[in-house]
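Subject: Structure handover

Hello,

Here is the structure I promised to pass on. Please open it alongside this note. My findings follow below.

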Amino acid sequence: MSAQADIATNRSTRSWSNRELIARMLWGICQPLFRFSPRPFWGWRVMLLRLFGARVGPGVRIHPSVRITIPWNLRIDDQVGIGDRAILYALGPIHIGARATISQYAHLCAGTHDWRDPIRPLIKAPIQIAPDAWVCADAFVGPGVIIGAGAILGARAVAMRNLPAGHVGVGNPMQTRPAT
């Protein structure tokens, strides 16, 4: 059991530089330009993300309802598709490999807190979705997780550990098996 949480110290600890805080504020102001753009304006949304430091390859399609926390922590390779209402909680780096699919309502969470420390400091743990992987509808990918090449994380599955290449992961907790 962990010690009592030190909320006052947690709230007074800085997890972000002034530059990052200003950039996050500017991204928040610009988000309506992203969210209210018509669905076929794929290039417009990619351009906005690039303006905020995201590295986005050609042929990427990101739906306007996708929620992106920190675009400069994103690297999205060629021909990736990100579906309606997906969440890219990019407190840490998120790398989505070529031809990967992130389905509707999927949640990629690249941040957590160290529960063993009473201050609960922020941990910005990277996520990697390898090429040709598929994160299905409403699935959750936790901090520090790698979804291997060609792997499939099934609908509503929870990946709090790596999913090997060419495997299917289902359930909560995630069970894995080779794809057949």
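Predicted model: local features only at pLDDT ≥ 70, side-chain atom pairs only at ≥ 80, totals over all residues.

Backbone first. R99 sits in the loop between β7 and β8 (101-102). Its phi is near 65 degrees, a positive value in a residue other than glycine. R99 has a relative accessible area of 42%, so it is partly exposed. R85 also has a positive phi, near 60 degrees, and is not glycine either. Its place is the loop between β5 (81-82) and β6 (87-89). R85 is partly exposed because its relative accessibility is 48%. For context, most residues other than glycine have a negative phi, and most peptide bonds are trans.

The peptide bond between N172 and P173 is cis, with omega at about 0 degrees. P173 belongs to the loop between β18 (167-170) and β19 (175-178).

What does the side chain of S65 reach? It reaches the backbone nitrogen of R85, at 2.8 Å. S65 lies in the loop between β2 (61-62) and β3 (67-68). Its relative accessible area is 13%, so S65 is buried; the cut-off is under 20%. Leaving out residues up to four places away in sequence, S65 touches R35, D84, R85 and A86.

Next, the helix pair. Two packed helices are described by the angle between their axes and the distance between the axes. The axes of α2 and α3 come within 10 Å and cross at roughly 170 degrees. Angles over 145 degrees count as roughly antiparallel. α2 and α3 are therefore roughly antiparallel to each other. On the α2 side, W27, L33 and F34 make the contact; on the α3 side, W44, R45, L48 and L49 do. By class, this contact of α2 with α3 has six nonpolar residues, one charged and no polar.

Then the core. In soluble globular proteins, nonpolar side chains tend to be buried together. The largest nonpolar core in this model has 40 residues. Which of them touch the most other members? They are I82, I96, L108, I129, I147 and L153. At least two core residues come from each of α2 (18-35), α3 (42-51), β4 (74-76), β7 (94-96) and β12 (127-129). α3 gives the most, with three residues.

Setting aside neighbours within four places in sequence, L153 is in contact with W134, V135, C136, A139, F140, V141, I147, A159, L163, G169 and M174.

Last, V158. It is found in strand β17 (residues 158-159). V158 counts as buried because its relative accessibility is 19%, and the cut-off is under 20%. Beyond its neighbours within four places in sequence, V158 is in contact with F140, G171, N172 and M174. N172 is also one side of the cis peptide bond with P173. V158 and Q175 are 17 residues apart in sequence, and their C-alpha atoms are 9.3 Å apart in space.

Best regards

Notes. Residues numbered from 1 in each chain as written. Heavy atoms only, no water. Helix = DSSP H or I, 4+ residues; strand = E, 2+ residues; numbered from the N terminus. Buried < 20%, exposed > 50% of the residue type's maximum accessible area, 1.4 Å probe, protein only. Polar contact = N/O pair within 3.5 Å; in protein donor to acceptor, adjacent residues only side chain to side chain. Contact = heavy atoms within 4.5 Å. Core = buried A, V, L, I, M, F, W, Y, C linked by side-chain atoms within 4.5 Å. Axes fitted to C-alpha atoms, helices over the stretch in contact; angles between N-to-C directions. Parallel < 35°, antiparallel > 145°, perpendicular 65-115°, else oblique. Nonpolar A, V, L, I, M, F, W, Y, C, P; charged D, E, K, R; others polar.
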